[in-house]
Amino acid sequence: MAAWYTLARAHCTMPMRRLLQPAIELAERGVVVTQQAARWFGDNMHVLDAGFKEAFNVRNEPPNVGSTLFQPGLARLYEMLGDDPHRTESVVDAAVLRVSEALNGLFQRGDCRITDGAVLEPALVADVAGRRIAVNCAPTQGALLLQNLLAYARLVAPGSGCTGENIHLLSEVVHRSFAWRLANLGDPGHTGVVEALAKPVIDDIVAGVNRAHRSSTTYTQHYSHGDTTHLTVVDKAGNSVSWVQSLGLGFGAGVGVPALGLLLSNRLGRSSTLVDTDPNCVSAGRRPVNTIFAWSASDEGGVRWLGGTPGGDGQCQWNAQVLAAMLIHGESALGALNAPRWTYLPGADKHEANRSPSLEVDRDLPSAVVADLQSRGHDVRLRASVGGAVRLTHVAGTYRYGLDDGRQEGLTAGF
């Protein structure tokens with residue numbers, strides 16, 4: 001909420017109540033349960049506490065596709081936010097404290113009134129193939145996208161396309177950047193600012209790449225269906241936003257305040273540790289490293305592309321694949337989005353800690369490329385569709401183009 005109000009004060013021309021009104025109306029009159037939403041409910045019914053099952057009217061079984069999901073509590077919360085944010089903070093703080101006490105949790109009075117939303121300038125940026133790529137700073141994982149692109153650009157020939165060698169090289173880079181994250185990335189307020197893009201860091205990532213064969217995953221034992229949304233918006237005046245917001249895994253922690261439609265996230269449990277020497281160890285006020293980030297690509301004329309995707313540790317891989325295809329290999333945006341995709345596993349997220357090392361690939365990846373990857377030591381696993389939903393917005397003069405890869409439900413529209 002603090003982030004919303006920080007941006008509203010700095011950039012918005014309409015009052016918050018006006019901005020929230022469409023969401024209030026949708027929560028009140030209900031939204032249609034899609035196939036994907038029904039599947040998420042079905043996979044996560046065991047996570048939701050009884051209060052939310054009652055509020056969502058899904059007491060005994062998940063909702064059917066085509067039914068209507070009403071969220072009157074969320075409508076009330078948004079109405080309060082639009083009318084009086086300070087009073088809303090007090091109401092939310094007291095309500096969450098009651099839930100925490102009932103569940104023997106760790107919240108203390110005033111915790112939900114801490115407002116540390118901030119606009120950080122400049123964002124983390126790097127020049128890749130003549131474009132200035134900007135991502136969110138730590139404690140997000142945005143730095144890994146830039147590491148992946150910078151290292152990969154030093155390893156491949158421009159224009160060489162979707163080959164087994166190139167997929168192998170980028171997967172090696174991804175593995176190395178995940179290892180860097182686990183050893184170095186934390187909340188800058190507690191660990192200090194880490195020079196994620198310093199030349200020695202990129203040199204080390206490049207030097208660790210085995211050009212011929214898959215390297216053993218170095219962090220498999222480091223740690224003993226996400227609920228994330230991404231959107232991009234560009235208006236006729238040229239103002240642009242790429243935004244990612246997440247509860248963590250499906251329905252977050254599964255607990256919260258049903259009367260306000262407020263689910264609490266489980267980001268802390270996904271990425272933090274209790275090891276004092278880890279940069280992401282739990283301590284009071286420390287923000288956990290998280291997988292979510294947005295990006296933009298600019299040239300001398302300003303922002304040209306905005307994008308992002310849900311998908312946990314897939315985000316820094318799938319965004320890198322799309323941007324590498326566009327910027328390094330000269331693909332069109334549509335070609336980059338339509339290209340076969342892959343995911344290196346395991347990532348650095350605890351959610352993937354027990355995954356065996358593998359490379360999951362779209363089943364339409366050419367068989368010769370699959371065979372090449374297998375010859376390099378990869379355990380290749382074919383999937384109907386590798387996850388994610390990369391969405392791009394292109395700013396070109398007075399035109400705005402919206403594109404997406406169609407891999408998950410969502411919408412690309414203009415009006």
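Modeller: Let's start with helix H10 and its exposed residues.

Biologist: Which residues of H10 are exposed, and which are buried?

Modeller: Buried is under 20% relative accessible area, exposed is over 50%, and partly exposed is in between (1.4 Å probe, protein chains only). Helices (H or I, at least four residues) and strands (E, at least two) are DSSP runs, numbered from the N terminus. H10 covers residues 199–207, and its buried residues are Val201, Ile202, Ile205 and Val206. Lys199, Pro200 and Ala207 are exposed on the other side of H10. One caution: this is a predicted model, where local features need pLDDT of at least 70 and side-chain atom pairs count only at pLDDT 80 or more, while totals for chains, interfaces and linings use all residues. Residues are numbered from 1 along each chain as its sequence is written, and side-chain values use heavy atoms, leaving out hydrogens and water.

Biologist: At what angle do H7 and H10 pack, and is the crossing left-handed or right-handed?

Modeller: Axes are lines fitted to C-alpha atoms, for helices over the stretch in contact, and angles run from 0 to 180 degrees between N-to-C directions. A crossing is left-handed if the near helix is turned anticlockwise from the far one by less than a right angle, and right-handed if clockwise. H7 and H10 pack at about 65 degrees, with axes 9 Å apart, and their crossing is right-handed.

Biologist: Now the sheet. What is the strand order?

Modeller: Two strands pair if DSSP finds at least two bridges between them. This is an open sheet of 6 strands, ordered S3-S4-S9-S10-S14-S15, and the pairing is antiparallel. Strand S3 (124–128) and strand S15 (399–404) are the edges, each pairing on one side only. Neighbouring strands are turned by 20 degrees against each other on average, direction ignored. Zoom in on strand S14 (residues 391–396): 6 bridges join this strand to S15, and Leu392 has Leu403 of S15 as its bridge partner.

Biologist: Which strands does helix H7 lie across?

Modeller: H7 (residues 142–153) lies across S3, strand S4 (131–135) and strand S9 (295–299), at about 15 degrees to S3. Helix H12 (residues 315–328) also packs on the sheet, touching S3, S4, S9, strand S10 (302–308) and S14, with its direction at about 170 degrees to that of S4.

Biologist: Which residues touch the most other members of the largest nonpolar core?

Modeller: In soluble globular proteins, nonpolar side chains tend to be buried together. A nonpolar core is a set of buried Ala, Val, Leu, Ile, Met, Phe, Trp, Tyr and Cys residues joined through side-chain atoms within 4.5 Å. The largest core here has 61 residues, and Leu145, Trp295, Trp342 and Leu392 touch the most other members. H12 gives the most to this core, with 10 residues. A second, separate core has 19 residues, including Tyr5, Ala27, Leu77 and Val99.

Biologist: Is Ala333 buried or exposed?

Modeller: Ala333, in helix H13 (residues 333–338), is buried at 10% relative accessibility. Ala333 touches Trp305, Met326, Leu392 and Leu403, leaving aside residues up to four places away in sequence.

Biologist: Last one: where are the cis peptide bonds you'd point out?

Modeller: Check omega. The bond from Ala138 to Pro139 is cis, with omega near 15 degrees, and Pro139 is in the loop between S4 and H7. Leu345 and Pro346 are also joined by a cis bond, with omega about 0 degrees. Pro346 lies in the loop between strand S11 (342–345) and strand S12 (358–362).

Terms used: Contact = heavy atoms within 4.5 Å.
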